[in-house]
Amino acid sequence: MIRVTVWNEYLHEKCDAPVAEIYPNGMHNTIADFLRCDDIQVRTATLEEPECGLTQEVLAETDVLIWWGHGAHARVPDEIAQRVRDEVLKGMGFIALHSSHLCKPFKLLMGTSCNLGWREDGDRERIWTVNPAHPIAKGIGPYFELPHVETYAEPFGIPNPDEVVFIGWYEGGEVFRSGCTFQREKGRIFYFQPGHELFPIYHDKNVQTVIRNAVYWATPQVRAEKNECWHLTKLEK
Ligand code: ZN
């Protein structure tokens, strides 16, 4: 059983009526609902819960943490962000969605600005599969389209990804590395660009397939209890 925690800052849905209409129970619950199945169990956590819902115990019981944040990155205490980073280094999977490119744990794991170009014109996006053999692209054809997205454009201030799985192309001609993987020590990380709150993107079947695939892919191969140096013993003659 893979244990997933979906974290959402959960503010837009409470104060923006158009967002509440698309996600009446919050994006985290929409994502949790499509992921839940025989081999994936899901819990949710949000910003306004104590410790952002991410206590050490919750993280210890999380195989893959999914993160959606936007306007309140700064309200996540540094201590929580570091706690998430440390769990990833020990093996926990981490999936950063959309505007989470600027969330504290992702930036800590990348070590770069993670800045990008953006505009909000509701463009159509065609998301090209550039690595069809990658497990995260399973079931996705050569491309899929989303009728309305927020445009995210290069340059994307990330370190060179281990793998680029998807490249997004927008009506305005911009391109973006929309699906990228990274490994940091034992933990696998996937960044996925679609997910602007004003469009029903997490109701899209292809988007759901990608996120589900990413959960399987990011599930820990090993999970260390502690991250520490190994004291070695010299080989006997
Ligand atoms: Zn957005």
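Here is a short tour of this predicted model, one selection at a time.

Stop 1: Now colour two of them: H98 sits in the loop between strand 4 (93-97) and helix 6 (104-110), while E150 belongs to strand 6 (residues 143-153), 52 residues apart. H98 and E150 are both buried.

**Stop 2: aromatic rings.** The whole structure holds 12 aromatic pairs. Select Y152 and F176 to see an edge-to-face pair, with 5.9 Å centre to centre and 75 degrees between the planes. Y152 is in strand 6 and F176 in strand 8 (residues 175-184), so this pair ties together parts 24 residues apart in sequence. Next, pick F166 and F192, a tilted pair with 6.0 Å centre to centre and 50 degrees between the planes. F166 is in strand 7 (residues 163-170) and F192 in strand 9 (residues 187-192). To see a cluster linked by ring pairs, select F106, Y152, F156, F176, F182 and Y191.

**Stop 3: a charge over a ring.** Show R126 and Y143: the charged end of R126 sits over the Y143 ring, 4.3 Å from its centre.

**Stop 4: helix 3.** Finish with residues 27-35. How many of the 9 residues of helix 3 are buried? The count is 7, so the helix is largely enclosed by the rest of the structure. Among the buried ones are M27, F34 and L35.

Note on methods
Residues numbered from 1 in each chain as written. Predicted model: local features only at pLDDT ≥ 70, side-chain atom pairs only at ≥ 80, totals over all residues. Heavy atoms only, no water. Helix = DSSP H or I, 4+ residues; strand = E, 2+ residues; numbered from the N terminus. Buried < 20%, exposed > 50% of the residue type's maximum accessible area, 1.4 Å probe, protein only. Phe/Tyr/Trp six-rings, centres within 6.5 Å; stacked < 30°, edge-to-face > 60°. Lys NZ or Arg CZ within 6 Å of the ring centre and 35° of its normal.
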